[in-house]
Amino acid sequence: MQKSVEFCEDLTHSEISFVHLVNDDEKTIELVTWSKRTLDNYCHAVFDRHYLVDQAGIWADALRQRKALIFNDYKSAPNKKGLPEGHANLERFISLPVIEDGKVVMLCGVGNKKSDYDESDLESLQLIANQTWQLVQKKRNQIKLKKAQELLMVKSRHAAMGEMLSMLAHQWRQPLSIINMSINNILLDLQLDAFKQEELETQLRDMMSQTQYLSDTIDDFRNFFKPSKQQETERLCVIIQNALTLLNPSFASHGIKVTFENKADKVIKCYTKELLQVLISILTNAKEALVQTNPINPHIKICVSENETKISIKITDNAGGIDSKILDKVFEPYFSTKEEKDGTGLGLYMSKVIVEKHLFGEIRASNVTDGACFELLLPKS
């Protein structure tokens, strides 16, 4: 917008210029941009960010009358309300509206040309103003999309948190059971006066080991939900192993075998927590597909390989594959094949957003023999 007003200024040989946005109610104007020349040399007025239209001078007549206006003799112009202290003195100026869907959305103006403004100045200014509004709209849409993606990211992480807490409860059940059994044994020995120091020490050490395991799982889950503030350098195999550490108890409880074939032990620089979230989302989907289809010898395979420019992470299962009718929809937001109460439809969509926007890579889904394959392609540099 700054460049636009300065271009308008130069094109019309003006000394001041502005672009302001009109709020949806058309009752207030958001004072946005003046040219650098205007601010440096002419205008030092104090202003409120949002200006009431009914308090504005004739520069806002373009909004009130919904048409472009030329004033070549400001001093004798009717209906002017005077200029606030510090405002640039006006001699002549153009003020025009940008109208979209019947509403004025923006005002653009130039002023103090040495000679009178004419229709060619008006046409040039209107053309640039219209193009500027298109750029404003494009930027606004980008901001809206970014905010929407950030909201979906939060929802996705909340959904993942629910799944991970369920896994955490599953992982804690066995060590808590062992600790409880050890305490009962100690109490029983005390009641029966069968106290043996060596056995007590063994049981206490076992309890310490189990509590350390519980503490470690808390750290694993806490680190997973701590967002990456900046890119980190890490071995890819370590990130994959971290995902498996979180998920292996759940795989084991369903009899799912996981193999990891590493043909490219690479160090990468990325947002490691985001990559971890993608891996967990894909692996969790594979696990749920295997639980649902219940094949003989359920299996998930992770294979890392590379070519000259990219690193490939392939995650395949033997759950029967994805219906060809929906294969091209699996990355769409809110699309889910799970029961409504269990599926948010955000996991794979957010995985695609993370891989493409944060990790600058690609994600693909395809069917292979007996199952599905999700492939992540990450740039080496």
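Biologist: How many bridges join strand β10 to strand β11?

Modeller: Start with the general idea: strands of a sheet pair through backbone hydrogen bonds, either parallel or antiparallel. In this predicted model, β10 (residues 299–306) and β11 (residues 310–317) run antiparallel and are joined by seven bridges. The two strands form a hairpin, with three residues between them.

Biologist: In what sense do β8 and β10 pair?

Modeller: Here the sense is parallel, over six bridges. To find the place, look for Phe260, which stands opposite Ile302 in β10. While you are there, keep a general point in mind: in a regular strand the side chains alternate between the two faces of the sheet.

Biologist: What is the strand order of the sheet that holds these strands, and which strands are at its edges?

Modeller: Read across the sheet and you get β8-β10-β11-β13-β12, an open sheet of five strands with mixed pairing. The edge strands are β8 (257–262) and β12 (362–368), each of which pairs on one side only. From one strand to the next, the twist averages 15°.

Biologist: Which strands does helix α8 lie across?

Modeller: Helix α8 (residues 347–358) lies across β12 and β13 (371–379), and runs at about 135° to β12.

Biologist: Let's turn to helix pairs. At what angle do α7 and α8 cross?

Modeller: In general, two packed helices are described by the angle between their axes and the distance between the axes. For α7 and α8, the axes come within 9 Å and cross at roughly 145°. This crossing is left-handed. On the α7 side, the residues in contact are Glu274, Gln277, Val278, Ser281, Ile282 and Asn285. They meet Gly347, Leu348, Ser351, Ile354, Val355 and His358 in α8. By class, this contact has five nonpolar, six polar and one charged residues.

Biologist: And how do α6 and α7 cross?

Modeller: Helix α6 (residues 236–253) and helix α7 (residues 272–293) have axes that come within 9 Å and cross at roughly 40°. That angle makes α6 oblique to α7. The crossing is right-handed. Among the α6 residues in the contact are Leu236, Ile239, Ile240, Leu244 and Leu247, while the α7 residues include Leu275, Leu276, Leu279, Ile280 and Leu283. Counting by class, α6 and α7 bring together 13 nonpolar, four polar and one charged residues.

Biologist: What is the strand order in the sheet of six strands?

Modeller: This open sheet has the order β3-β2-β1-β6-β5-β4, and its pairing is antiparallel. At the edges stand β3 (50–52) and β4 (69–71); each has a single partner strand, so one side of each is left without a neighbour in the sheet. Neighbouring strands are turned by 25° against each other on average, direction ignored.

Biologist: Within that sheet, which residue is the bridge partner of Ile94 in β6?

Modeller: Val110 is the partner of Ile94. The two strands concerned, β5 (residues 93–100) and β6 (residues 103–111), run antiparallel and are joined by eight bridges. Helix α1 (residues 2–11) packs on this sheet, where it touches β1 (16–22), β2 (28–34) and β6. The direction of α1 makes about 135° with that of β1.

Biologist: Before I use the coordinates, what average pLDDT does the protein have?

Modeller: The average is 83, and 87% of the residues score at least 70. Take a look at residues 339–343 too: pLDDT stays under 50 there, and the model has two contacts for this stretch beyond four places in sequence.

How values were computed: Residues numbered from 1 in each chain as written. Predicted model: local features only at pLDDT ≥ 70, side-chain atom pairs only at ≥ 80, totals over all residues. Heavy atoms only, no water. pLDDT = per-residue confidence, 0-100. Contact = heavy atoms within 4.5 Å. Axes fitted to C-alpha atoms, helices over the stretch in contact; angles between N-to-C directions. Helix = DSSP H or I, 4+ residues; strand = E, 2+ residues; numbered from the N terminus. Parallel < 35°, antiparallel > 145°, perpendicular 65-115°, else oblique. Left-handed = near helix turned anticlockwise from the far one by under 90°. Nonpolar A, V, L, I, M, F, W, Y, C, P; charged D, E, K, R; others polar. Pairing = 2+ DSSP bridges.
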